[in-house]
Amino acid sequence: MIKSIIFCLLLVSTLSYAQTDWVKWDAVEVSYKISNASSKIIITQKQSPDSGIISFLRNTYAFFISDLDGDNCPFYPSCSHFFVQAISESGMIKGPLMFADRFMRDLNFFKSKNNYPIHRIGKFHDPVSNYTLNEQVIEITPIGSIGD
Amino acid sequence: MPMIITYSDMLCQDSSKDLDLFSYKSRLKFGNHLYFEKDYLRASYEFREYLKYEDNDTIRFRFANCFYNIGRYIEAADNFKSTFYNSTIQDESRLAYFKSLFFSGDFNLFRNSSRNEIYLPEKYLTEVNRLYFTSFLMDNSVLPDTGNFISAFPDSNKNDIRNFYIQKKFPQYKSPTTAALLSSVIPGLGKIYVGNITDGLTSFLVTGVLTFLAIDNFKHKHSFRGWLFTGLGAFFYAGNIYGSAAAATIFNAGVKFNFDNDVKSYFEKRNYFLPENNL
Amino acid sequence: MMKKFLCKLIFYFLVSLVSVQAQNEFSSQFDYANTLFKTGNYFDAITEYKRLIFFDSTKTYYYRPYFQIGICYKAGAKFDEAIKYFSISELNSSDDLERFDSKIEIVRCNILRGTTSRAHQLLNEMELKYTGNNSKDSINYWRGWAYMFEDDWTSAAASFAKINPNHELKLICDRVEKEKVSVTFATVISYILPGAGQIYTGNFLSGLLSLGWNVLSAYLTINAFNADRIFDGIAILTLIWQRFYRGNIQNAEEFAKSKNIDIANSALINLQKQFRGAKP
């Protein structure tokens with residue numbers, strides 16, 4: 001009796017998973033690798049392709065300073081990455097303005113998870129795309145929740 | 001004795017039919033089983049094979065409905081057309097056709113089709129009409145007249161619909177230009193206008209302190225430091241104007257996002273005022 | 001009387017004939033599904049196993065098709081579904097061996113899915129129920145794998161040692177444990193000599209640069225205090241020295257952790273690609 005009840009329950013619960021099969025799938029090889037998610041410093045920040053002086057400055061700054069002075073910025077991407085990304089995506093006029101704004105927001109002592117969504121690495125999620133004045137590319141994540 | 005022979009005969013016939021797991025009747029049975037298990041893709045394969053041998057309106061409907069449930073709305077819409085005429089379920093098929101077009105997200109196509117009036121289901125005119133008006137809350141088309149819009153919905157929901165209509169027509173946006181202008185008069189004021197009070201105060205303090213340092217250094221004849229702080233002050237002053245406009249843009253995107261979410265969850269909760277499909 | 005008996009006999013004969021015919025049909029359907037399975041056509045194989053289950057009113061083919069559906073889902077990395085079907089197969093099993101197999105498959109799915117705590121829970125329950133030597137070995141074997149996926153190589157080695165003190169996987173676990181660096185040691189030596197932790201984990205350049213920054217900022221701080229420039233001294237101390245000193249410790253810890261994960265991952269990838277024995 002109990003067995004048949006469990007059987008029915010299991011069958012019913014398989015229904016909720018039927019949507020896995022709504023698209024034909026193939027075999028997948030699962031990697032045995034353990035994820036390195038706990039690491040905050042080594043996580044690769046989103047970088048846009050750029051060249052010349054900006055790239056040189058960024059690499060020099062990263063090599064001599066930001067890789068060595070610990071984890072200081074409460075934002076993701078960090079202020080220096082934000083600066084580089086803003087300039088390479090929005091140019092030499094808009095980019096620095098975006099950075100000046102970000103810098104002042106960083107100085108705000110009262111910023112909290114009530115103002116920014118929290119990124120999965122535990123920082124305030126504050127992407128460059130939100131500050132280009134283009135409403136279409138703004139990434140809205142409900143405040144307090146996890147970012148991408 | 002004759003009775004026994006008939007019975008075993010019947011058993012044989014039945015089992016011989018059953019034995020062929022791939023006969024069209026078996027496919028129908030298995031297809032229906034999969035359909036009710038919500039295993040729609042597999043069910044559609046079985047129905048496709050079955051329909052090669054026998055015509056059945058309900059199965060045609062189910063075949064199309066498999067695509068609808070999977071989210072392949074355009075395929076679903078095309079297949080629902082097969083039961084549009086001379087069928088007992090033609091109204092259901094037509095409603096399902098309009099539902100498919102609506103949920104495909106191509107609201108222009110949906111509205112054009114419902115304006116054409118060729119396939120409108122007589123039994124479900126109200127439902128299609130409601131979907132027609134709902135679609136205006138979901139994209140950026142010009143809203144139709146208030147009266148027609150609100151009267152399409154049940155009395156108990158009219159207030160909510162009126163609110164959505166007003167929010168869509170007059171969204172509570174903050175103007176990026178106003179925010180920028182306010183911040184150019186008093187640094188940080190634009191951010192306070194948008195609602196980011198502490199960010200606004202920080203901008204005010206940073207630009208204020210830098211201005212003070214610039215003036216103070218000029219007073220004490222430290223002209224290099226004076227110019228340095230002037231430059232920094234100007235940089236952050238400009239950044240604060242830009243940031244205020246950006247904050248207003250983000251605020252507006254948030255208003256739009258919340259409105260879209262509210263509309264979606266309101267209608268989803270009420271199944272878009274559509275009847276349950278029992279086919 | 002005789003007539004009635006004859007009638008009954010003919011009836012049963014016909015029924016059994018039908019059922020034999022059906023059995024053949026089901027067995028060929030099972031073979032067909034297995035062929036699809038063997039060619040890696042998992043989605044279609046599931047359809048055919050489901051067809052068999054649907055039509056098999058005799059329930060002869062119940063355990064095996066359900067079990068096979070579980071294996072198919074597992075191959076598609078759809079572990080939630082796989083576990084559901086293994087559970088159903090377990091309920092339809094006819095003996096302890098079949099039940100054990102289903103349970104082990106559920107454990108393997110949990111290991112692959114990353115829910116190793118559930119795998120341990122199931123293995124503990126199984127340990128109480130199955131006391132045979134073979135079962136025990138199997139339980140310890142999968143426990144070892146669960147520990148490896150948790151990055152706990154010492155416990156994994158202990159589990160494999162219970163099967164055989166010189167078990168191939170035990171030796172691998174020992175080697176990995178030996179290769180790993182100590183996170184605590186890296187952090188502690190970085191407190192004493194900035195940069196030492198980074199050098200210990202093999203990041204020489206980063207270690208030397210850290211040491212350089214710390215020496216420079218310490219020199220500037222002490223210099224400022226010596227020259228009675230207290231404000232400058234405090235500014236350099238808090239803005240530069242403290243920042244690089246803390247950064248050096250954070251880096252040492254992160255580098256050590258990351259190196260350990262790299263060591264574990266290279267071992268796991270090696271096992272995935274090279275190891276010939278049973279894998280999750």
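At what angle do helix 4 (residues 57-70) of chain B and helix 6 (residues 90-103) of chain B pack, and how far apart are their axes? They pack at an angle of about 15°, with their axes 11 Å apart.

## Model and confidence

This is a predicted model in which local features need pLDDT of at least 70 and side-chain atom pairs count only at pLDDT 80 or more, while totals for chains, interfaces and linings use all residues. Residues are numbered from 1 along each chain as its sequence is written, and chains are lettered from A and ligands numbered from 1 in the order in which they are written.

The predictor assigns the complex an ipTM of 0.82 and a pTM of 0.83. For chain C the average pLDDT is 91, and 92% of the residues score at least 70; pLDDT is the predictor's confidence in each residue, from 0 to 100. Where pLDDT is low, predicted coordinates should not be read in detail.

## Chain B: overall form

Chain B has 14 helices and zero strands. Here helices (H or I, at least four residues) and strands (E, at least two) are DSSP runs, numbered from the N terminus. The order of elements from the N terminus is α-α-α-α-α-α-α-α-α-α-α-α-α-α.

The radius of gyration of chain B is 32 Å, well over the 19 Å that the globule rule gives for 279 residues, so chain B is more spread out than a compact globule. The radius is taken over C-alpha atoms, and the globule rule is 2.2 Å times the number of residues to the power 0.38. Along the principal axes, the C-alpha atoms of chain B fill a box of roughly 125 × 45 × 30 Å.

## Chain B: helices 4 and 6

The angle of about 15° between helix 4 and helix 6 of chain B refers to axes that are lines fitted to C-alpha atoms, for helices over the stretch in contact, with angles running from 0 to 180 degrees between N-to-C directions. The two helices of chain B are therefore roughly parallel to each other. Angles under 35 degrees count as roughly parallel, over 145 as roughly antiparallel, 65 to 115 as roughly perpendicular and the rest as oblique.

The crossing of helix 4 and helix 6 of chain B is left-handed, that is, the near helix is turned anticlockwise from the far one by less than a right angle (clockwise would be right-handed). Helix 4 of chain B contributes Phe61(B), Ala64(B), Asn65(B) and Tyr68(B) to the contact, and helix 6 of chain B contributes Glu92(B), Ser93(B), Ala96(B) and Ser100(B). Residues are in contact if their C-beta atoms, placed from the backbone, lie within 7 Å. By class, this contact of helix 4 with helix 6 of chain B holds four nonpolar, three polar and one charged. Ala, Val, Leu, Ile, Met, Phe, Trp, Tyr, Cys and Pro count as nonpolar, Asp, Glu, Lys and Arg as charged, and the others, Gly among them, as polar.

## Chain C: overall form

Chain C consists of 13 helices and zero strands. Its radius of gyration is 31 Å, well over the 19 Å from the globule rule for 280 residues, so chain C is more spread out than a compact globule. The C-alpha atoms of chain C fill a box of roughly 125 × 40 × 30 Å, taken along the principal axes.

## Chain C: helix pairs

Helix 2 (residues 42-55) and helix 3 (residues 63-75) of chain C pack at about 160°, with axes 9 Å apart. That makes helix 2 of chain C roughly antiparallel to helix 3 of chain C, and their crossing is left-handed. Residues of helix 2 of chain C in this contact include Tyr42(C), Ile46(C) and Tyr49(C); those of helix 3 of chain C include Tyr66(C), Ile69(C) and Cys72(C). The contact has eleven nonpolar, one polar and no charged residues.

The axes of helix 5 (residues 96-113) and helix 7 (residues 133-149) of chain C come within 10 Å and cross at roughly 10°. That makes helix 5 of chain C roughly parallel to helix 7 of chain C. Among the residues that meet are Phe100(C) and Arg108(C) in helix 5 of chain C, and Trp142(C) and Trp145(C) in helix 7 of chain C. This contact divides into eight nonpolar, two polar and one charged.

## Interfaces with chain A

On the chain B side, 28 residues are in contact with 20 residues of chain A. Helix 14 (223-269) of chain B is one of the elements that supply at least two residues, and helix 14 of chain B gives the most, with 15 residues. The side of chain B that touches chain A has 14 nonpolar, nine polar and five charged residues.

For chain C, 35 residues are in contact with 28 residues of chain A. Helix 2, helix 4 (79-91), helix 12 (204-226) and helix 13 (230-274) of chain C give two or more residues to this side, and helix 13 of chain C gives the most, with 16 residues. By class, the side of chain C that touches chain A has 15 nonpolar, eleven polar and nine charged residues.

Terms used. Two residues are in contact if their C-beta atoms, placed from the backbone, lie within 7 Å.
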